[in-house]
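New notebook page, new structure. I'm jotting down what I look up as I go, in plain sentences.

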Amino acid sequence: MNKNNYNQLLLINKIMCVVSYLFLIALIFMITIPWLCPQSEIGKFLLSLQDFSAVMDRTHNNINDFMLSITPISRILGLIGSMFASLPLLLATIIMIKISGNYKKYQVFDIKNAILYSRLGYVYLVGALLLLPLYEIFFYAAVTINNPHGQRFIAFSIGIENITAVFFAIALVTIGQVMKLGYKISEEQQLTI
Amino acid sequence: MSIIIELDVMLAKRKMKLQDLARDVGITSANLSILKNGKAKAIRLETLDAICRILDCQPGDILRFSLERSNLE
C-alpha cells in the first residue's frame, strides 16, 4: 500500500473514531438525562426531540403534564424503553469503532470487516423488528402507568421507519456477505501459484 | 485437500534447491514454498509447465491424489 493511500485510511479512521465517540457520548446523554432529570429544561428538551407526538395524542396527555406527574416507576419504564431504542445505535457505534480500528491496521477488505458489516446489519434488523416495538411498548406503559385502571395501555406499531430500517439492514448484511465472498476469492487468487 | 504436492521429492531426486527452481520458473521462492508445503489453492498450467520442463518430469510426478486423505476430510 502506498503512503498516500495509507494516509487516506488514517484520515478515515480518525474521522470515524471522533464521530463514533461523539455519537456514543451524545447517545448516553440523550438516553439518561430525560429520565434522570425530567423536570429540568434540558430533560424536557431532550424528550421533546424524540417523536412522542403519537403517544401523547393517543393517551390525551401533554408532555409537560407527564413530566410533572412522573413517578419513579414511569421513569424506570421510560429509561428501559429508551435503552431498547438506543441499543442498536449503541452497538452499531461500537462496531463502527472496531471497523475504523481495522482500517488503521491496513485491514480494509478483510474477513473481520466483512463479519462486522454483517453484524451491523443484524443489529439493525433486530432493532427494527424487535427493539423499536419494545421501546414503544415501554413508552406507552411509562406514560399511562399513573392513569386510573382501564386507562392504562401498551401499544406498538410497525411503520415506514421500521420497513426502511429492515431494508438498510438487509443491504448491510448483503454487503457483508459479498465482502466475505470477495475476501475468499482474493485469498484464492493470492494462493494461486 | 486430497491433492498431495511432491515437489520436495522431485527436487531431492534432481538435487536442486528450491531457490534455484523458483528463479528458473520465474516465481518467488516464497510462492514456490507455499506450493511445496501444500498451502496453495491452485496452480497455473504455465507454472506447472515450467516446473515440469525444468525438473524434466511429468505433472503426475509432482501432484498425487490421495483417497485416504480425501476420506479423512
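**Entry 1: chain A at a glance.** I started with burial: of the 193 residues in chain A, 21% count as buried. Keep in mind that this is a predicted model. The confidence for chain A averages a pLDDT of 83, and 89% of the residues score at least 70. Helix α3 (residues 53–59) of chain A has the lowest mean pLDDT among the chain's elements, 62, while α7(A) has the highest, 90.

**Entry 2: the fold of chain A.** How many helices and strands are there in chain A? I get seven helices and zero strands. Reading from the N terminus, I wrote the order down as α-α-α-α-α-α-α. For contacts in chain A with a separation of 6 or more, I noted that 76% join residues 24 or more positions apart.

**Entry 3: helix α1(A).** I checked the length of helix α1 (residues 3–36) of chain A. With 34 residues at 1.5 Å a residue, this helix should span 50 Å, and its end C-alpha atoms are 49 Å apart, so the two agree. Next I asked which residues of α1(A) are buried. I found Ile31(A), Pro34(A) and Trp35(A). The buried residues of α1(A) pack against α2 (41–49) and α5 of chain A.

Entry 4: In soluble globular proteins, nonpolar side chains tend to be buried together. So I went looking for nonpolar cores here. The largest one has 20 residues, and the members that touch the most others are Tyr124(A), Tyr135(A), Phe138(A) and Phe139(A). I see that α5 (72–104), α6 (111–144) and α7 (160–190) of chain A each supply at least two residues of this core. The largest share, 14 residues, comes from α6(A).

Leaving out residues up to four places away in sequence, Tyr124(A) touches Pro88(A), Ala92(A), Ala165(A), Phe168(A), Ala169(A) and Leu172(A). There is also a second, separate core of 11 residues, and I listed Ile193(A), Met10(B), Leu32(B) and Leu35(B) as being among its members.

**Entry 5: where the chains meet.** I counted 11 residues from chain B and four residues from chain A in the contact. On the chain B side, helix α3 (residues 29–36) of chain B gives the most, with three residues. I sorted that side of chain B by type and got six nonpolar, two polar and three charged residues.

**Entry 6: Val25(B).** I looked this one up in helix α2 (residues 18–25) of chain B. Is Val25(B) buried or exposed? Val25(B) counts as buried because it has 22 C-beta neighbours inside 10 Å, and the cut-off is 20 or more. Setting aside neighbours within four places in sequence, I found Val25(B) in contact with Thr47(B), Ala50(B), Ile51(B) and Ile54(B). I also noted Glu46(B), 21 residues from Val25(B) along the chain, with 9.4 Å between their C-alpha atoms.

**Entry 7: two positive phi angles.** Tyr106(A) sits in the loop between α5 and α6 of chain A. Its phi is near 65°, a positive value in a residue other than glycine. Tyr106(A) counts as exposed because it has 11 C-beta neighbours inside 10 Å. Lys15(B) is exposed, with 6 other C-beta atoms within 10 Å.

Key. Residues numbered from 1 in each chain as written. Chains lettered and ligands numbered in written order. Predicted model: local features only at pLDDT ≥ 70, side-chain atom pairs only at ≥ 80, totals over all residues. Contact = placed C-beta atoms within 7 Å. Helix = DSSP H or I, 4+ residues; strand = E, 2+ residues; numbered from the N terminus. Nonpolar A, V, L, I, M, F, W, Y, C, P; charged D, E, K, R; others polar. Core = buried A, V, L, I, M, F, W, Y, C linked by C-beta atoms within 7 Å. Buried ≥ 20, exposed ≤ 12 C-beta atoms within 10 Å, placed from the backbone. pLDDT = per-residue confidence, 0-100. Expected span 1.5 Å × (residues − 1).
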